[in-house]
Each structure stands twice: as C-alpha cells, then as structure tokens.
Amino acid sequence: MKVRKIITIVDETLIEGGREVSPSARTAVVAAIIDNPWAGQGFVDDLSAGIDAVASDLGALLAPRVIEALGAPLEAYGKAAIIGLNGEIEHGSAIIHTLKFGDHFRKAANASTLLPAVEKRGPAGVAFDIPLKHFTDATIRSHHQSFEVRIADAPHPHEILIALAGAAQGRPQQRLAALSTEL
C-alpha cells in the first residue's frame, strides 16, 4: 500500500444556536490518500487481491489516529471512500465495506454497530459528507449527524481517499425525543 499523505482534522464546536456547548463538541477525521490498487488494470472481476493488500493495513493505520485525535471517548463514527476519476465506486467500497477494514475501528472504539459510509467518485478537492451514527446503538437519534470534508489536492485520478470520522457526542444542542416515543 502506497500512502501519499495523511490528513487529520479536529473540529471543536463551542457555541451552537447561540448557546455555549459544554463540554465542547469534538469531531475528528483522519484521511489517507492511497494509490488505487486497481488503477490501470481495466475492469477487474475479482477485487480480493487488492482488498487483501490494502484494507486491513489501512484500518490499522487510521483507527488509532482517529481515537487519539478525538481526545475524548468516542460515541459516534463513520467512514468514507472518495475515488479519483479514473477509478470505480466499487474500488472504494471494496476497501471500506469489509471487516478487514472496519473491525480495526470497532475494536479501537469498543463499538458494535456497522459504520455508516459514503462512497463517491470525484476530482481533487471534491466536498463530501461523512455520516456518523452512535457506536453501539444506531437508533439513538442524537448521534445521527454528518461532517463535511474537502481535501484540496485529493484524490488524484489514480487515487482513493479513505477516511474515518469519530465524534465524542451527538449533535450539539440536540432536542429530538427518543425514537421510542414514536413507536
């Protein structure tokens, strides 16, 4: 696996809706820009060799960095695969929709739910939203949120941007009733 760069973003919201957020709401994203393991091969029927070469190592690289950057216990998480213009959506999906990748984050966060995801093909600098949900109960509405990311020089046409995101809380100032109140 060839990693061109790693980007870490930490967002801390101190005021939401005109009111103080206490403790502040923290979200961290760590993205790796890698060469697409299927670049230049045309249509590849069996993606397993590329998955085996990249997915586990990439999950092991990113997961602890998100936990460290967050600097607080994780409560919500998500993932993203942004594929350069010469790749297929399936290339990104092949990497992030495998336990070889996602289990590194679940184990690091003591999580049990599936990671929500976004896959998108685009040019360098394309904006994308990483969906986040609660790490042990996907029905907890306060933790359904998204975080917008844009990396100015990635992905190049032959690259894939793979990102993990974590939040230390749900949405700041959330006021929706529990889902059970509607059942």
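Ile6 sits in strand 1, which covers residues 3–16. Helices (H or I, at least four residues) and strands (E, at least two) are DSSP runs, numbered from the N terminus. What you are looking at is a predicted model, where local features need pLDDT of at least 70, side-chain atom pairs count only at pLDDT 80 or more, and totals for chains, interfaces and linings use all residues. Residues are numbered from 1 along each chain as its sequence is written, and side-chain values use heavy atoms, with hydrogens and water left out.

Let us stay with Ile6 for a moment. With a relative accessibility of 31%, Ile6 is partly exposed. Here buried means under 20% relative accessible area, exposed means over 50%, and partly exposed is in between (1.4 Å probe, protein chains only). Together with Met1 and Val3, Ile6 makes a nonpolar surface patch of about 220 Å². Patches are made of residues with over 30% relative accessible area and no salt bridge; like charges are joined within 9 Å, and nonpolar side chains (Val, Leu, Ile, Met, Phe, Trp, Tyr) within 5 Å. The areas come from the Shrake-Rupley method with a 1.4 Å probe, and for residues only the protein chains shown count as cover.

Next, look at the charged residues. Side chains of opposite charge can pair when their charged atoms come close. A salt bridge is a side-chain nitrogen of Lys or Arg within 4 Å of a carboxyl oxygen of Asp or Glu, and by this rule the count is six. One of them joins Glu12 to Arg26, with the closest N and O atoms 3.3 Å apart. Because Glu12 lies in strand 1 and Arg26 in strand 2, this pair ties together parts that are 14 residues apart in sequence. Glu12 is partly exposed, at 43% relative accessibility. There is also a network of salt bridges, which links Arg4, Lys5, Asp153 and Glu159.

Strand 2 (19–35) leads us to a loop, and Gln41 is found in this loop between strand 2 and helix 1. The side chain of Gln41 reaches the backbone oxygen of Pro37 at 2.9 Å. Gln41 is partly exposed, with a relative accessible area of 46%. The C-alpha atoms of Gln41 and Ala168 are separated by 41 Å, and these two residues are 127 residues apart along the chain.

Now follow the chain to helix 3. In this helix (residues 99–109), Phe101, Gly102, Phe105, Arg106 and Ala109 are buried. Seen down the axis of helix 3, these buried residues fall within an arc of 120°, so they line one face of the helix. The arc is that of the directions from the helix axis to the C-beta atoms. The buried residues of helix 3 pack against helix 1 (48–70), strand 3 (76–83), helix 2 (89–96) and strand 7 (159–167), where contact means heavy atoms within 4.5 Å. Leu99 and Lys107, on the other side of helix 3, are exposed.

Lys100 pairs with Asp52, with the closest N and O atoms 2.3 Å apart. Since Lys100 lies in helix 3 and Asp52 in helix 1, the pair ties together parts that are 48 residues apart in sequence. Asp103 and Arg106 meet in a salt bridge as well (3.0 Å, N to O). These two are three residues apart in helix 3, and therefore separated by about one helical turn. Asp103 is partly exposed at 23% relative accessibility, whereas Arg106 is buried at 10%. After helix 3 comes Asn110, whose phi is positive, near 55°.

Notes:
A polar contact is a pair of N or O atoms within 3.5 Å; within protein, one must be able to donate a hydrogen and the other to accept it, and residues adjacent in sequence count only if both atoms are side-chain atoms.
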